Amino acid sequence: MRVPARARADRHAAVDQDVRAGDERGILAGEIGDGRGDVLRAAGALDRLRLGGNGRGGNIGILAEAGGSTFAVTNDVLLSADGIGAAGLGCITCAFDGGAGQGGAIFIGSTAATTGNSISTANLALSAFSRGGNSQVGTGGSGTGGSVVIAGSGFALNTASLTVAAVAYGGDALGTNTAGAAQGGDARINLGTGTTLGTGVVSLITSAYGGGNADPGGLGGAGTGGVSSLISTGGNATISDVISLQADGNGGLGDFGSSLGVGGNGKGGSVFLSAGSEGAGNSGNGGSITNGISAGTLIVSFLGALIRSEEHTS
């Protein structure tokens with residue numbers, strides 16, 4: 001078993017969907033020295049401040065390719081490949097946009113025919129979350145969820161609960177500017193031949209939340225859900241309690257007190273739950289997905305929500 005990228009266990013932003021603004025990275029600061037180069041250095045500093053920096057998550061993989069490999073952790077495991085754009089700040093007459101956030105990629109499983117591999121944890125959370133940076137006097141940054149995939153053949157995955165999140169948030173804006181758009185990512189589990197999944201809860205979340213702008217004339221950002229997919233193409237999943245697949249699209253809030261602003265559009269994404277590949281008419285190749293006989297819960301959501309601006313007249 002090889003782990004080609006370092007897992008970060010110090011952040012839970014993607015699992016907690018209530019996090020919105022959070023801790024933005026500070027503005028790049030530097031001292032302007034004396035001499036004739038001051039003006040040029042000052043201009044360079046303003047250029048760097050014009051846009052909030054983009055944030056892009058990296059790549060994480062746990063690969064079971066040699067056969068007979070074991071990855072066992074007695075405690076909880078969080079793998080995080082989040083991307084968070086920085087805020088765009090500046091003067092009132094300058095357009096400083098928020099930076100874009102792009103989630104990274106996480107892959108767990110095998111990429112070749114193999115057998116006898118085992119992965120076990122107490123609870124397993126995988127996050128490729130994204131958030132666009134807020135902007136004071138420009139456009140909110142966009143947020144694009146990353147990709148989280150559990151796939152392959154010949155391995156057993158056992159965990160008390162499995163949470164896979166590729167959620168996206170657009171950055172907020174002020175004034176008459178447009179808040180950032182959000183695009184949910186991909187969360188896919190594909191159990192190939194000889195692969196088993198044993199857990200109490202499976203939660204796949206690729207919802208998107210457009211940024212908001214509550215100022216008069218403000219425009220909310222669009223939110224488009226991603227893809228949440230749990231399929232078996234020859235493997236077997238036993239889930240004793242909850243199966244939850246979410247790919248909601250939520251438009252951002254428009255302005256209050258004016259008819260000029262508009263709430264962002266919301267468009268739901270795609271969800272798949274199948275003993276077969278995605279799409280109609282595909283064979284399951286002997287695969288199965290079993291939910292608790294009488295106590296199991298199935299939650300499927302791919303709503304599109306438009307949050308309209310409010311108008312007040314006197």
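**A walk through a predicted model**

In this predicted model, T159 is found in the loop that runs between strand 13 (155-158) and strand 14 (161-165). Is T159 buried or exposed? With a relative accessible area of 6%, T159 is buried, because the limit for that word is a value under 20%.

The surroundings of T159 can be read from its contacts. Leaving aside the neighbours within four places in sequence, T159 is in contact with T121, A122, N123, L124, G198, T199 and G200. With one of these residues, T121, there is also a polar contact, in which the side chain of T159 and the side chain of T121 are 3.0 Å apart. The side chain of T159 also reaches the backbone oxygen of S161, at 3.2 Å.

An open sheet is formed by 6 strands, which follow one another in the order 1-6-11-16-20-24, and their pairing is parallel. Strand 1 (55-56) and strand 24 (266-267) are the edge strands, since each of them pairs on one side only. As a general point, the strands of a sheet pair through backbone hydrogen bonds, either parallel or antiparallel. Inside this sheet, strand 11 (residues 143-144) and strand 16 (residues 182-183) pair in the parallel sense over 2 bridges, and T144 stands opposite Q183 in strand 16.

The aromatic residues come next, and the structure holds 2 aromatic pairs. Why is the pair of Y169 and Y209 called stacked? The ring centres of Y169 and Y209 are 4.9 Å apart and the ring planes lie at 20°, so the pair counts as stacked, a word that applies when the planes are under 30 degrees apart. This pair links distant parts of the chain, for Y169 belongs to strand 15 (residues 168-169) and Y209 to strand 19 (residues 208-209), with the two tyrosines 40 residues apart. Together with F129, Y169 and Y209 form one aromatic cluster. Y169 itself counts as buried, at 2% relative accessibility.

Charged side chains give a last example. Side chains of opposite charge can pair when their charged atoms come close. Which residues meet in a salt bridge here? The side chains of R188 and D186 do so, at 3.7 Å from N to O, and the count for the structure comes to 1 salt bridge. R188 is partly exposed, with a relative accessible area of 25%, and D186 also counts as partly exposed, at 26% relative accessibility.

Methods
Residues numbered from 1 in each chain as written. Predicted model: local features only at pLDDT ≥ 70, side-chain atom pairs only at ≥ 80, totals over all residues. Heavy atoms only, no water. Phe/Tyr/Trp six-rings, centres within 6.5 Å; stacked < 30°, edge-to-face > 60°. Helix = DSSP H or I, 4+ residues; strand = E, 2+ residues; numbered from the N terminus. Buried < 20%, exposed > 50% of the residue type's maximum accessible area, 1.4 Å probe, protein only. Polar contact = N/O pair within 3.5 Å; in protein donor to acceptor, adjacent residues only side chain to side chain. Contact = heavy atoms within 4.5 Å. Pairing = 2+ DSSP bridges. Salt bridge = Lys/Arg side-chain N within 4 Å of Asp/Glu carboxyl O.
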